[in-house]
Amino acid sequence: MCGIAGVYIQQRQGRNDYGYIRNKFSSLLGGAEVRGTDAAGAFILRKGSAHFHKSADAASRLVRTEEYRNFLDCLDDTATALVGHTRFATQGDPSDNDNNHPIVDSPIIAVHNGIIRNDEELDAKYDSVAEVDSAAAIAAMRYHAKDTILTTP
């Protein structure tokens with residue numbers, strides 16, 4: 001199966017240590033690699049948007065790349081969470097980066113660990129963005145969420 005890592009970022013005016021957050025998250029993502037070495041990726045959730053990076057590399061390799069470091073440079077005072085995924089490929093070729101997590105099916109960005117047993121049925125009903133079973137479930141969520149207005153408590 002896959003591994004999921006996440007960090008909630010509590011905003012403190014001018015007091016967040018983004019270097020510390022980068023290092024701790026990268027260690028956490030690398031630690032999740034035992035759950036999958038076929039691909040890795042992450043996204044930064046911001047108020048109103050998300051920024052992502054993913055690759056057909058194991059997390060231990062990904063976190064050493066310049067592209068990953070540039071991705072983490074996007075951490076700022078609008079960031080609320082940092083979510084990562086390590087993939088053990090069961091369906092969909094990892095060399096096709098669309099099959100790697102996070103799955104981006106605008107406006108939804110998500111990671112998933114598990115098996116969707118009715119993915120073929122969902123694929124026939126909804127347009128998914130990748131070959132992986134996770135994409136079928138996310139396509140169904142996107143379809144049903146299009147008329148939903150989200151509010152915060």
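Strand β4 (residues 79-87) is mostly covered in this predicted model, with eight of its nine residues buried. Buried denotes under 20% relative accessible area, exposed over 50%, and partly exposed the range in between (1.4 Å probe, protein chains only). Strands, like helices, are DSSP runs numbered from the N terminus; a strand (E) needs at least two residues, a helix (H or I) at least four. Strand β4 pairs with β1 (residues 3-8) in the antiparallel sense, over six bridges. Within this pairing, Y8 has A81 of β4 as its bridge partner. Strand β2 (residues 39-46) also pairs with β4 in the antiparallel sense, here over eight bridges. F43 stands opposite V83 in β4. Pairing of two strands requires at least two DSSP bridges between them.

Residues are numbered from 1 along each chain as its sequence is written, and side-chain values use heavy atoms, without hydrogens or water. As the model is predicted, local features need pLDDT of at least 70 and side-chain atom pairs count only at pLDDT 80 or more, whereas totals for chains, interfaces and linings use all residues. The pLDDT, the predictor's confidence in each residue, runs from 0 to 100. Its average over the protein is 92, and 94% of the residues score at least 70. Among the elements, strand β6 (residues 108-110) has the lowest mean pLDDT (92), and α2 has the highest (98).

T65 lies in the loop between α2 (59-62) and α3 (66-72). This residue counts as buried because its relative accessibility is 18%. The T65 side chain reaches the backbone nitrogen of Y68 at 3.1 Å. A polar contact is a pair of N or O atoms within 3.5 Å; within protein, one must be able to donate a hydrogen and the other to accept it, and residues adjacent in sequence count only if both atoms are side-chain atoms.

The structure holds two aromatic pairs. The Y68 and F71 rings have centres 6.1 Å apart and planes at 40°, so this pair is tilted. Rings of Phe, Tyr and Trp (its six-membered ring) pair if their centres lie within 6.5 Å; planes under 30 degrees apart count as stacked, over 60 as edge-to-face and the rest as tilted. Y68 and F71 are three residues apart in helix α3, so about one helical turn separates them. Both residues are buried. Y126 and Y143 form a tilted aromatic pair, 5.2 Å centre to centre with 50° between the planes. Y126 lies in the loop between α4 (119-125) and α5 (133-145) and Y143 in helix α5, so the pair ties together parts 17 residues apart in sequence. Y126 is buried, with a relative accessible area of 8%. Y143, at 40% relative accessibility, counts as partly exposed.
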